[in-house]
2 protein chains.
Amino acid sequence: MNLKELSTQLGLSQTTVSRALNGFPEVSEKTRERVLEAARSANYRPSPSAAHLATGKTRVIGHVIPTTQHRMINPHFSDFLAGASEGYAAAGYDMLLRAAEPEEEAAVYEDFVSSKRVGGVVVHGPRLQDSRIGLLRSLGLPFLVHGRTGAEDGSYPWLDVNNKEAFEIATNYLIKLGHTRIALINGLEEMTFAAQRRAGYDAALQNSGLTLDPELTFSADMVEPYGYEATSALLNQSNPPTAILCASILCAMGCVRALAENGMRPGKDISVMTFDDVLSFLQPSGNQRSSPAFTSMRSSIQDAGRRSAEILIDVIEGKSSDHTGVCWEAELVEGRTTSPLRD
Amino acid sequence: MNLKELSTQLGLSQTTVSRALNGFPEVSEKTRERVLEAARSANYRPSPSAAHLATGKTRVIGHVIPTTQHRMINPHFSDFLAGASEGYAAAGYDMLLRAAEPEEEAAVYEDFVSSKRVGGVVVHGPRLQDSRIGLLRSLGLPFLVHGRTGAEDGSYPWLDVNNKEAFEIATNYLIKLGHTRIALINGLEEMTFAAQRRAGYDAALQNSGLTLDPELTFSADMVEPYGYEATSALLNQSNPPTAILCASILCAMGCVRALAENGMRPGKDISVMTFDDVLSFLQPSGNQRSSPAFTSMRSSIQDAGRRSAEILIDVIEGKSSDHTGVCWEAELVEGRTTSPLRD
DNA sequence: GGCAAAATCCAAAGCGCTTTGAGAATGCCA
DNA sequence: TGGCATTCTCAAAGCGCTTTGGATTTTGCC
């Protein structure tokens, strides 16, 4: 069933039917009703390709999946996508995914533009210095950054968590509990989010007059085994920390695993705090209770995905161009993995 | 830059240029070279929408993301997608994602067909009785099932792991170690994969003359807190198991967490085995070693995604229609979480 | 009742590509 | 050198939609 068939069936022109379906004012309410009803019962869907060709607009948002050498798929990334896809679906948009090596990413964006495949893209994992912003701007491809670059100047749309503030709060929380040797198991510090977290951690320590011990800080991809490795290394030190701050709940789980192997209980023998992206597969489902119950700074990455989708669509449709940047505050959640320093 | 511009620039007709680009034999090698070079230097990309309109074919594969009430995004799902998107990218295909409530899934497929959005779909999470196969067949939309339905009759393409065999092997492995009280923390048994795993477990116990204790088996979504809950419940029983078999490494991690809280060490005080989908974010990255080192049945879900993509593309392009079903065997990996039953 | 204005509706062009059916150029042989 | 079979190239139609500019009908008002 296409427009032509539908319109002859209705005894109307294609113009009128198209206008009726797209909500143009030139068509009477009565006719519109009749058209909508016919379209519904005939199960008519306009062809997105034809519409794209005619209008130059496409209701598709592109995301590039980085395929690193380790084939590491960031679960944070997939939860973000899940949220975003809900946002898209609600607005009648679709999500297009393309796998690419990091060095191919620029070529993918160029391909998106010259083939007119997508109406906009979401940039993932921004770095302090990120050439993608300049590229996308020069390509004229609408975009939204999940996170920020280092030199974020309000000149492009982004959605981010206030990572510096979050880690300053977390570190201060541990300091207030009496801890002075606080380890940081951070993400890759070339990434803006991790650099900001580091800055928050540093600031809190300095404001309290504590010294930064380089032996207590780690920086790597936030996977479970990394949390395990880093914690094992910490426990082997001559003067181990009394509190550990993790950048992701995945690291935190690896951390707890290492502690358990060494007979240490988080919240009793040592304090553990983490940033919690509310990853879906770590949440209790159904009527089960009990999560790891970490003391954490919490901000749902899935919600961020949903909101990002909405903002980007607004940008593409020119509804509100004043979205330059949105910053969310993380929430402090007190769990059972922290306690005042003993003796 | 479009075809028309490119062809006038070359002093050729659109036909010739199109044929040169698409590898038709009617054009001389010399001309083809010239055309390809010009296309490259002009950074020309044909419009997928226009090509779609002209040919009726679209190089896009659809995936439906189920958005359950718990907003649970299966990390197994996302690792599969990561693999699949690599397979698509290699063949010049793209992946289209659409979020939908489970009950909307059928409507999404109908929409895909009537709007001609995709050239095929991958069906995720097949159940023993699954109406989607019949629907897709009647819609004439090419598809591949990741997994199988219960009544798999070789009449549709699928890629699956031999789950029954895998869990029979795993259970037998534990039995050989002397265990007789073996718990199963399984996935949702309405799903085929979980039902098959259950069947393998049952078969192994029966073949060894062991009795099935319903108190030792659990069935739910495979998230970490579920593994924790189930294990906690098991440890509270009057006659707790001496071995636990988990359906996912996520459950296994929850299981180990519960054990640790109760002062039990896997591989020492109790044996733990799991199915390992080789989830990327649990793998050590870089030069770190050490994973949880579970004794496990292993099969990479990311590889499955990649292969699924290849098969589905073959089906769509009519290259090989004899792909009715592909069954992979899981590999037994001996880790440090199992040991012979003591006393 | 008559006329302008408003409300409806329509034919046709065009988006960028593929592909059919036919024409021009080339090579080969007698 | 002429005639025929190949080889290469082309103009034009069509895919399903939107949108311009114009035609037709209805309405409002004196």
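Some conventions come next. This is a predicted model, in which local features need pLDDT of at least 70, side-chain atom pairs count only at pLDDT 80 or more, and totals for chains, interfaces and linings use all residues. Residues are numbered from 1 along each chain as its sequence is written, while chains are lettered from A and ligands numbered from 1 in the order in which they are written.

Stay with DNA strand D. Two or more residues of its surface come from each of helix H1 (3-10), H2 and H4 of chain A, and from each of H2 and H4 of chain B. Helices (H or I, at least four residues) and strands (E, at least two) are DSSP runs, numbered from the N terminus. H4(A) gives the largest share, 5 residues. By class, the surface near DNA strand D divides into 10 nonpolar, 13 polar and 3 charged residues. Here Ala, Val, Leu, Ile, Met, Phe, Trp, Tyr, Cys and Pro count as nonpolar, Asp, Glu, Lys and Arg as charged, and the others, Gly among them, as polar.

Now turn to DNA strand C. There are 26 residues around it, and Asn2(B), Leu3(B), Ser18(B), Ala50(B) and Ala54(B) come nearest. Helix H2 (14-21) and helix H4 (48-55) of chain A each supply at least two residues, as do helix H1 (3-10), helix H2 (14-21) and helix H4 (48-55) of chain B. H4(B) gives the most, with 5 residues. The surface near DNA strand C has 10 nonpolar, 13 polar and 3 charged residues.

How are the two protein chains related? A rotation of 180° with 0.0 Å of shift along its axis superposes chain A on chain B, with an RMSD of 0.0 Å. The copies are thus related as by a two-fold rotation axis. The superposition is by least squares on the C-alpha atoms of residues with pLDDT of at least 70 in both.

The chains also touch. The contact takes 59 residues from chain A and 60 residues from chain B. Two residues are in contact if their C-beta atoms, placed from the backbone, lie within 7 Å. On the chain A side, H4, helix H5 (75-90), S2, helix H6 (105-114), helix H10 (224-235) and helix H11 (249-261) each supply at least two residues. That side has 26 nonpolar, 19 polar and 14 charged residues. Of the interface residues of chain A, 98% are also interface residues in chain B, so the copies meet through the same surface.

Strand pairing crosses between the chains as well. Two strands pair if DSSP finds at least two bridges between them. S2(A) and strand S2 (residues 94-100) of chain B run antiparallel, joined by 3 bridges. Leu96(A) stands opposite Leu96(B), and the bridge partner of Leu97(A) is Met95(B). Within chain A, 7 bridges join strand S1 (residues 60-66) to S2(A), and these run parallel. Val60(A) stands opposite Asp94(A) there. Strand S2 of chain A is largely enclosed by the rest of the structure, because 6 of its 7 residues are buried. A residue is buried if 20 or more other C-beta atoms lie within 10 Å of its own, exposed if 12 or fewer, and partly exposed in between, with C-beta atoms placed from the backbone.

Elsewhere in chain A, strand S9 (residues 271-276) and strand S10 (residues 295-298) run parallel, with 4 bridges. Asp276(A) stands opposite Arg298(A). S10(A) also joins strand S12 (residues 331-333) through 3 bridges, running antiparallel. There, Arg298(A) has Glu331(A) as its bridge partner.

Last, the cores. A nonpolar core is a set of buried Ala, Val, Leu, Ile, Met, Phe, Trp, Tyr and Cys residues joined through C-beta atoms within 7 Å. The largest has 100 residues, and Leu245(A), Cys255(A), Leu245(B) and Cys255(B) have the most contacts inside it. Apart from it lies another core of 76 residues, including Phe112(A), Val121(A), Phe77(B) and Phe112(B). Not counting residues up to four places away in sequence, Leu245(A) touches several residues, among them Ala170(A), Leu174(A), Ile182(A), Tyr201(A) and Met273(A). Buried residues make up 48% of the 343 residues in chain A.

Key: A residue is near a molecule or strand if its C-beta atom, placed from the backbone, lies within 6 Å of it.
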